[in-house]
Amino acid sequence: MNTSAKKKVSVATVWLDGCSGCHMSLLDIDERLLELAASIEIVYGPFVDTKVFPEQVDLTLVEGSVSSEDDLAKIKKVREHTRVLVAMGDCAVTGNVPSLRNPFGTDKILRHIYLPNAPTEIVPRLLPSVLPVHQVVPVDIYLPGCPPSADVLYTALVELLAGRTPDMKDVTRFGK
Amino acid sequence: MSVAERVKTLVIDGQNVSARESQTILEVAQEEGIFLPTLCRLEGLSEVGACRLCLVEVKGINKLLPACVTRVEEGMEVQTHSERLDRYRRTLLELLFAEGNHICSVCVANGHCELQTLAQRLGMDHVRVPYRSPRRKVDASHARFTFDANRCILCTRCVRVCDEIEGAHTWDIMGRGVESRVITDLNEPWGNAASCTSCGKCVQVCPTGALVEKGKAVAESVKHPDFLPYLKRTRGQQS
């Protein structure tokens, strides 16, 4: 066993208001995940059991827009404890599909969907409008795409792990 | 072109170029293989200089000039790319994205949209200004086409092609500033617009998913504006 191995980079993934497609794309990295596993450790996210966001995380990938009070509290906490924050996918970068409700307003949408039975307890209250992550907390890296492909996420991770800023503009865009 | 044109010599991006005096900076730059982003311009239509993406720096002139409507002049020194121009162009795209409701992932023009393509090409990967998220209507009253105002960037290509090429002038602009929008006839539903010949030219020249053929799903709307220069040329020969 190699005892002189470098300390692994801690990586968290966060799922706000999105369809989980970006996380699926992340899994779609397939066997290259094993290669990544040699240098990273997933410390938080839908893929692992940890319930509390760790004190200090090197790299956090955020999927989804900020749509509820819960999302808002989560992302603020994530930012506070993360060194490099990546907006992963169109929902995090632009608001995307969740933001389709913005022109109509939250109340109207809730009434339209739930009639008089809109939930007011237990579930988090929706914000007046859906926001991209960078309009709530500072974002370091933007990876547009719906979802960004496995190749895009893999390449971006490799670049980030090498200490470089990934330039993904030739391989991904809004809607791709 | 029977009358001989004067030749003008100018410098674009440090390169000596010669041009006919009737040419614009944009035309000459394109002939030289220099890429300038454009959205409102389309070969075969009149120039309006509306989108401002082709703004260039001209030595000795304090303000930026739109290359599509600025004629070449003798001794002109033009800069088509600089840190400042790149920044302005990205900002212009951000403002376009923030002004309407451009959600690429659920757009029929996804993958075939000039706005989306330019955002990628110019490296605009997020919008720094708040989204306006305006409440805009979709007009699906026409039998064959749909107008989705959410995705309109007011380039006026539809207005110009309908007026200048089809000769119907069904489309026009109404309102001012941020309230501006394209309308059909006297602001009637498109399906009721008596002047519309249903030729579909407006759909083919629209750079985004604002004007589309009915029955197209996400990413299925491919536009074919290439008929325009051909039409323009053959008509020019007639007169």
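This is a predicted model: local features need pLDDT of at least 70, side-chain atom pairs count only at pLDDT 80 or more; totals for chains, interfaces and linings use all residues.
**A note on chains A and B**

1. Domain 1 of chain B covers residues 7–81, and domain 2 of chain B covers 86–238.

2. Next, see how these two domains meet. On the domain 1 side of chain B, 15 residues are in contact with 22 residues of domain 2 of chain B. The residues on that side of domain 1 are 10 nonpolar, three polar and two charged.

3. The largest nonpolar core has 60 residues, and Ile25(B), Leu39(B) and Cys158(B) are among those with the most contacts inside it. Elements of chain B that give two or more residues to this core include helix 1 (25–31), strand 3 (55–58) and helix 4 (157–166). Because domain 1 and domain 2 of chain B both give residues to the core, it lies between them.

4. A second, separate core of 35 residues includes Val11(A), Val78(A), Leu143(A) and Val152(A).

5. Now to helix 3 of chain A, in which Asp71(A), Ile75(A) and Val78(A) are buried. These residues cover an arc of only 60° around the axis, so they sit on the same side of the helix. On the other side of helix 3 of chain A, Glu69(A), Ala73(A), Lys76(A) and Glu80(A) are exposed. The buried residues of this helix pack against strand 1 (9–15), strand 3 (57–63), strand 4 (66–68) and strand 5 (82–88) of chain A.

How values were computed
Residues are numbered from 1 along each chain as its sequence is written. Chains are lettered from A and ligands numbered from 1 in the order in which they are written. A residue is buried if 20 or more other C-beta atoms lie within 10 Å of its own, exposed if 12 or fewer, and partly exposed in between; C-beta atoms are placed from the backbone. Helices (H or I, at least four residues) and strands (E, at least two) are DSSP runs, numbered from the N terminus. The arc is that of the directions from the helix axis to the C-beta atoms. Two residues are in contact if their C-beta atoms, placed from the backbone, lie within 7 Å. Domain bounds come from an automatic or database domain assignment. Ala, Val, Leu, Ile, Met, Phe, Trp, Tyr, Cys and Pro count as nonpolar, Asp, Glu, Lys and Arg as charged, and the others, Gly among them, as polar. A nonpolar core is a set of buried Ala, Val, Leu, Ile, Met, Phe, Trp, Tyr and Cys residues joined through C-beta atoms within 7 Å.
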